[in-house]
Amino acid sequence: MPRVNEHHLAIKGSYLFSDIAKRVKAFGEANPSAKLIRLGIGDVTRPLAPAIVRAMQDAVAEMGRAETFRGYPPETGFTFLTELIAAHDYAPRGVNLTPEEIFISDGGKTDSANIGEIFAPECVIAVVDPVYPVYVDSNVMAGRAGRATENGRYERIVYLPATAENGFNPALPDRHVDLIYLCYPNNPTGAVLGQDALKRWVDYARREGALILYDAAYESYIRDPAIPRTIYEIEGAQEVAIELRSFSKTAGFTGVRCAYTVVPKACMGRSAAGEAVSLHALWFRRQSTKFNGVSYIIQKGAAAAYSPEGQKQVRESVDFYLENARIIREGVAGTGLAVYGGTNAPYIWVRTPRGLGSWDLFDKLLNEAHVVSTPGAGFGPSGEGYLRLTAFGSREQTVEAVERIKTRIRL
Ligand code: PLP
């Protein structure tokens, strides 16, 4: 028998979603006539925009004709898409990127997990706590996290608590770190960072010789013009930040799969000997070695999101989810619970009342309102005492869920 990679054994079982499923199943068996509403999922529910569907249908037809058939796509993406991204997502914000600095992939999850491969196992990483679990688990697999400790953490990871007390904008690390994972608008807290708050991170990274991995998967939910849509709006960020984005929550691509990662040519790492190494060149090498690109059909669909019609339709979907977020935020706040996020973000982060833990409030919502949520403790130790609701449901179910929470929950 071959010896396995022991780092994979170091991953703490994430029992979050299976625990939720078990409790929901038990509830369903005991209450067969109850109509459950799920506000726990982070998956979209609205269908693809018609402009995107049409573009993909046309691309399928092209693939079916000898004259227009295509084989392998370029590993890092078609220029028809990378040019659109540079022109629409960055240039209007005053950010100049060349299409080669944009790498198309099949998902933000894939990229946020794989990007670690170009960094040394010795690198110290920092994460905001609570956290999108992929950042932590992929570093455990890479042998960068050390042992799991009893307080739900890993000994070599630097955790940066984000709570209501610090406005979900954590203090800078109190020691040197090499890589910092930031996600704004944040999953799970729904927090956003303004210009000054983001500049503080860029300045820190420049001072410390650190690199920021900036996950902007929910960037299209930002409606406040004063909030940066990309970290590159901060001066000097192109030298110290890689940005990850996805069509999943923007254009409803969770089941289609298309995303992109920006690795500016100005971003540098260093070799053991201390020589500067281009991270762009390393990521290009990594992707062209291990990845064979996103299909032409899918990239044509993603490109259609930038057509005038596609932009309008995609924006309507995001607006729809933002309206759900408003309904949840205002409705739940009306019960007296403290509520965060939900403006400029599809996640609503609810503080549990004094004396109730994350799972207690989860059970209350399940048993009394028949609403499924996600306990904050599942996202990290600092998520204890909070609960996440999502805006990705249908309007009818969202309104009904909020009504039930307002009328049935006794706090
Ligand atoms: N990044 C964050 C913060 C997410 O919440 C998610 C999905 O929930 C992703 C990335 C994954 O995106 P994708 O569907 O592109 O893999």
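Let's start with two helices: the axes of H1 (residues 16-30) and H11 (residues 358-369) come within 11 Å and cross at roughly 35°, in a right-handed sense. Helices here are DSSP runs of H or I with at least four residues, strands are E runs of at least two, and both are numbered from the N terminus. Axes are lines fitted to C-alpha atoms, for helices over the stretch in contact, with angles from 0 to 180 degrees between N-to-C directions; right-handed means that the near helix is turned clockwise from the far one by less than a right angle. This is a predicted model, where local features need pLDDT of at least 70 and side-chain atom pairs count only at pLDDT 80 or more, while totals for chains, interfaces and linings use all residues. Residues are numbered from 1 along each chain, and side-chain values use heavy atoms, leaving out hydrogens and water.

Seven strands form an open sheet in the order E2-E8-E7-E6-E5-E3-E4, with mixed pairing; a pair needs at least two DSSP bridges. E2 (102-105) and E4 stand at the edges with a single partner strand each, so one side of each has no neighbour in the sheet.
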